[in-house]
There are 2 protein chains.
Amino acid sequence: LSTAEEGQLRSPDRFTASYVLEGPTSEAPAKARALAVEQSIEFPPELVTDRTVRDRALGRVESVREIGEHLALARLSFGVDTIGFELPQLLQILFGNCSMYPWVRLVGFDLSEELLAPFRGPRYGVSGVRNLTGAGNNRPLLATALKPMGLTPTALARMAATLASDGIDLIKDDQSLADQSFAQFRERVKSCAQAVAEANSQTGRQSLYLPSMNAPADEIRDRAVMAKELGAGGLLVCPGLSGYDTMRVLAADDEIGLPIMAHPTFLGSLVAGRDHGIDHGIVFGTLMRLAGADVTAFPNYGGRFSFPPEACRQIAECSTVPLGNLAAILPAPGGGMTVDRVNEILDFYGNDCAILIGGALHRGDLGANVRLLRDAVDIWSDRSAQP
Amino acid sequence: LSTAEEGQLRSPDRFTASYVLEGPTSEAPAKARALAVEQSIEFPPELVTDRTVRDRALGRVESVREIGEHLALARLSFGVDTIGFELPQLLQILFGNCSMYPWVRLVGFDLSEELLAPFRGPRYGVSGVRNLTGAGNNRPLLATALKPMGLTPTALARMAATLASDGIDLIKDDQSLADQSFAQFRERVKSCAQAVAEANSQTGRQSLYLPSMNAPADEIRDRAVMAKELGAGGLLVCPGLSGYDTMRVLAADDEIGLPIMAHPTFLGSLVAGRDHGIDHGIVFGTLMRLAGADVTAFPNYGGRFSFPPEACRQIAECSTVPLGNLAAILPAPGGGMTVDRVNEILDFYGNDCAILIGGALHRGDLGANVRLLRDAVDIWSDRSAQP
């Protein structure tokens, strides 16, 4: 089935992307050729008479091989020049029109140094977020969300105070907090940032408050700047709502300069299909890093959602594997986690993660539950520090 | 199975959304309840002691009924106040976190007058685009794309001149045209806009050139303004890459004031699953209108993609069905269409559409093919105008 040897391609002018193609493997080579055209020139290749255009812009099938029943792996290459160093166009080439094919899943891509160079990526990354929170290097971070939506700024700030006092490092707004009448953005952010600052001044810790950037496209930067001015310690950004590139812009903005936690809302359809979409590690790991997230929140296995452990493993790996000069970022597994699962979760993700527990902390006394969580994390950390 | 009668809900404080739930129907009521929580407060409802918060923010199951084997229809309602009149938050409530459930598909929603009021929607709509193109009311519009990516601005402009001279109404950039070195945005838009203007001055027609807004988030408005200044007649916007709300902002911007064609790239995963995602009509019809598109391009049935005829019918219906005060918009079926299918396509969509044919026009003489297309559309229009 193979039309070329894998690993053969080392042209500086091209980068590769790998797709799993579902369906009879006898049809895979033709599908791969169609995909290479669809993701590049979208034009009958035989009608492109200009050799320069073909060489520059037409996608190529580098290899196709059977990897299972009704499954083939196709490796395509595309011209580096077709990206123009812009993230939206990278997404468009990798999975734009083919998002409308039910039989294709993007499972990897390998950007050249040249393509990676313009991406600044995470401003802080794992070590930067550790520094900002004062968490040091020897324990996982603790994260939670201010919720439920519907509370007033006063109630949310009271909650934020407790969470900060008792040791949560990253206190994010629920992503559903926008600018609703019952908790308007400015008042909410001001109250919560102040509450966290006061708690920090008492504990000597450096909890960060991350307000939600669930905002209209023409207001999102202003809200981020306002958040910074009001004392927010970071931002919660939803690339599914705002676009990956909006997150990249917020991350790169020196006037903002805050660490970013990415939230997975509205992105789930990209990973929900078995034979369609984009691999979890790319959606919640690689692309989040390219787009400047420092922490990536996603639903852990065994919670309210259905991500399998392998998908979570992949997200964690893509968050930290070498990627040009881009910093590693913190996976933040959440989505229905509980304190009694701390050991299991940390055994799975290791030290460099932010354990994200929301609603469960509110069963009984919030402060007491946070302290239980902190103790559980500390115990795990002490134990794992043993030789 | 039903927990309340459908149609019963007429509260001005709430709006409804309907979801198909896949799986044993005995589990559907519990799934519906989980969904109502997940899409609203994401918090154990029994822990919300404040009645105001529950009333204001907690989603409710209005009804659940079996609609097929392993399929149930759940109708939920949400508080109007939880939206805050912002499109990203509307998307987040309708399909944010539940995008990560493989078993749920959003099949409808019914916004209140109050929720619809702040959305300006399409600036031009069907009648506005007809006026701008001078196409009158008695024939479908003709649309095509400048392609393949890889051509120089000079070559693209030459193509645009032919297309305009021979009668294409809407000449859009391929969505893969961004700001690549071989066809930089300013030069490309300037050349193509000028070519179309010159052709218009000779024909007396009003072809519009719509450059691609496949652009970084912090440059997209500048490119739109530049396009306007350089004489573009509209914009091609990709909400899958840039976010629906970015399109809304471009549409509402009086300094730009251009009609918008929406392109479906990167949105396909929302519709690709059978039991997951969002219905085609919502993704490519309703949401496009809410977000200000005047024309919505999508892959027609029987082309390179796999949208079934029912899905295309739904897109056309959602593009034109009454939706508050929002104008009806033009469906633009494309994706591998050919001139010999004109009658069939127009019989399906009727007069108010923009037939979108790309690569096929380039087999043989481009100008001659455009004239064939125009003739075919004119013949269909004359025939369908008969009593």
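pLDDT is the predictor's confidence in each residue, from 0 to 100. This is a predicted model, so begin with that score.

**Stop 1: confidence**

Colour chain A by pLDDT. The mean for chain A is 95, and 97% of its residues reach 70 or more. Now select residues 1-8 of chain A. Here pLDDT stays under 50. The model gives this stretch 18 contacts beyond four places in sequence. Where pLDDT is low, the predicted coordinates should not be read in detail. For the model as a whole, the scores are ipTM 0.96 and pTM 0.97.

**Stop 2: the two chains**

Show chains A and B together.

Then turn to the interface. Of the interface residues of chain A, 100% are also interface residues in chain B, so the copies meet through the same surface.

**Stop 3: Ser242(A)**

Step back one residue to Ser242(A). It sits in helix H9 of chain A. Is Ser242(A) buried or exposed? Its relative accessibility is 8%, so Ser242(A) counts as buried; the cut-off for buried is under 20%.

Show the contacts of Ser242(A), leaving aside neighbours within four places in sequence. They are Met213(A), Ala215(A), Ile220(A) and, from the other chain, Ser242(B). Ser242(A) and Phe266(A) are 24 residues apart along the chain, and their C-alpha atoms are separated by 9.9 Å. Keep Phe266(A) on screen for the next stop.

**Stop 4: the largest cavity**

How many cavities of 30 Å³ or more does a search of the whole structure find? It finds three. The largest cavity holds about 240 Å³ of space. Its lining has 19 residues, and those closest to its centre are Gly240(A), Phe266(A), Leu267(A), Gly240(B) and Phe266(B). Select these five to centre the view.

In chain A, H9 (239-242) and H11 (269-272) each supply at least two residues of the lining. Colour the lining by residue class. It divides into 13 nonpolar residues, six polar and no charged.

**Stop 5: Ala164(A)**

Move to helix H6 of chain A, residues 153-165, and pick Ala164(A) there. At 0% relative accessibility, Ala164(A) counts as buried. What does Ala164(A) touch, not counting residues up to four places away in sequence? It touches Ile171(A), Val196(A), Ala199(A), Thr203(A), Arg205(A) and Ser207(A). Ala164(A) and Leu208(A) are 44 residues apart in sequence, and 8.2 Å apart in space from C-alpha to C-alpha.

**Stop 6: the cis peptides**

Stay in chain A and select Lys147(A) and Pro148(A). The peptide bond that joins them is cis, with omega about 0°. Pro148(A) lies in the loop between strand E5 (141-146) and H6 of chain A.

Switch to chain B. The bond from Lys147(B) to Pro148(B) is cis, with omega near 0°. Pro148(B) is in the loop between strand E5 (141-146) and helix H6 (153-165) of chain B.

**Stop 7: positive phi in chain B**

Select His70(B). Its phi is positive, about 65°, although His70(B) is not a glycine. Where is His70(B)? It is in the loop between strand E2 (60-68) and strand E3 (71-79) of chain B. With a relative accessible area of 40%, His70(B) is partly exposed.

Go on to Phe85(B), in the loop between E3 and H3 of chain B. Phi of Phe85(B) is near 60°, a positive value in a residue other than glycine. Phe85(B) counts as partly exposed, at 39% relative accessibility.

**Stop 8: helix H3 of chain B**

Finish with residues 87-95 of chain B, which form helix H3. How many of its nine residues are buried? Nine of the nine are, so helix H3 is largely enclosed by the rest of the structure.

Key: Residues numbered from 1 in each chain as written. Chains lettered and ligands numbered in written order. Predicted model: local features only at pLDDT ≥ 70, side-chain atom pairs only at ≥ 80, totals over all residues. Heavy atoms only, no water. Contact = heavy atoms within 4.5 Å. 1 Å grid on protein atoms, 1.4 Å probe; cavity = no way out; pocket = protein on both sides within 12 Å on 5 of 7 lines; lining within 4 Å. Points joined across faces, edges and corners; volume = space filled by probe spheres on them. Helix = DSSP H or I, 4+ residues; strand = E, 2+ residues; numbered from the N terminus. Nonpolar A, V, L, I, M, F, W, Y, C, P; charged D, E, K, R; others polar. Buried < 20%, exposed > 50% of the residue type's maximum accessible area, 1.4 Å probe, protein only.
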